[in-house]
Amino acid sequence: MSSNQKKHLALLYQVATRYYLEDAKQIDISEEFGISKATVCRLLKEAKLREIVRFQVLHPLGRVASVEDELFDIFGIQNVVVNNLASAMPGSNPLFQNAIDLICRTVRKNSVITVSGSSLLAKIVAQLPQRNTPLSVHVSQMTGNLSLVDPGSDAAALCQNVAKSFGGTFQLLNAPMIAPTAISARILRAKPTTITALASAAHADIALVGIGATSPTQAGQIFDPWITPQISSILWKAGAVGHLSGHHFTVTG
């Protein structure tokens, strides 16, 4: 590389630094380096072509539009929001705001909403804005209660909190998600309150659920008090990759 080429590259770097990093105006840069404004503009374009200057465009809420479009095309989902936390703006966590925006856009007057337990969903529900005008929603519990550590993440608590946020009524299931025996499970399912709550959940317009991941030694964090690592291993070998509302599923659903 000749000395002239080195000087030119150095000029590209200096001009680009003044303009992009130090917010100097092109007219000021032209006076500082004794070159025309047109030359400054040409140097800035060349700096981009040589990748001395690189731009990274980040969605303000950390969304992945290409994946959202693909999911829409394949499954016909009306509202898809895919978060990529790695590409979010520094210091931000767009997951909660995206979820809150989607829920608030979806809920309408007289909506029937059903809710399952989820620690992440509990954090999202806790940030839902309180409406000044109630929407007269009805919120029903779709799963029994499960959490021994954090009752606030159970479906019963979320059911009440969602009803409070949007203004409306709620219907609790008043039963555990996991029964100690098959006989007690049948008794719980036959209770009128259980039948009514599940029937309401089955006809809901909107379902708020959390999806959990599994591993070879853990069927899901919420199941730790009930499912041993040995049983988790059996589920993993059977192809379980996650769980939704108390049900484990494979990669094909």
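Start by selecting Val112 and His138 in this predicted model: the bridge partner of Val112 in β2 is His138. Widening the selection to residues 112-115 and 137-141 brings up strands β1 and β2, which pair in the parallel sense over four bridges. As background for this view, strands of a sheet pair through backbone hydrogen bonds, in either a parallel or an antiparallel manner.

Next, show the whole sheet to which these two strands belong. Four strands make up an open sheet with parallel pairing, and their order across it is β3-β2-β1-β4. At the edges are β3, residues 168-171, and β4, residues 206-208, each of which pairs on one side only. If you look from strand to strand, neighbouring members of this sheet are turned by 20 degrees against each other on average, with direction ignored.

Now move to residues 26-33 and 37-49, which are helices α2 and α3. Two packed helices are described by the angle between their axes together with the distance between those axes. Here the axes come within 8 Å and cross at roughly 105 degrees, and because this angle falls in the range of 65 to 115 degrees, α2 counts as roughly perpendicular to α3. To see the contact itself, show the side chains of Gln26, Ile29 and Ser30 on α2, and of Lys37, Val40, Cys41 and Leu44 on α3. The residues of this contact divide into four nonpolar, two polar and one charged.

From there, select Tyr19 and Tyr20, which form an aromatic pair with an edge-to-face arrangement, at 4.9 Å centre to centre and with 85 degrees between the planes. The count of aromatic pairs comes to one.

Ser232 has a relative accessibility of 2%, and because buried means under 20%, Ser232 counts as buried. Which residues does Ser232 contact, leaving aside its neighbours within four places in sequence? Displaying Ser215, Pro216, Thr217, Gln218, Ala219 and Ile227 shows the residues with which Ser232 is in contact under that condition.

Key: Residues numbered from 1 in each chain as written. Predicted model: local features only at pLDDT ≥ 70, side-chain atom pairs only at ≥ 80, totals over all residues. Heavy atoms only, no water. Pairing = 2+ DSSP bridges. Axes fitted to C-alpha atoms, helices over the stretch in contact; angles between N-to-C directions. Phe/Tyr/Trp six-rings, centres within 6.5 Å; stacked < 30°, edge-to-face > 60°. Parallel < 35°, antiparallel > 145°, perpendicular 65-115°, else oblique. Contact = heavy atoms within 4.5 Å. Nonpolar A, V, L, I, M, F, W, Y, C, P; charged D, E, K, R; others polar. Buried < 20%, exposed > 50% of the residue type's maximum accessible area, 1.4 Å probe, protein only.
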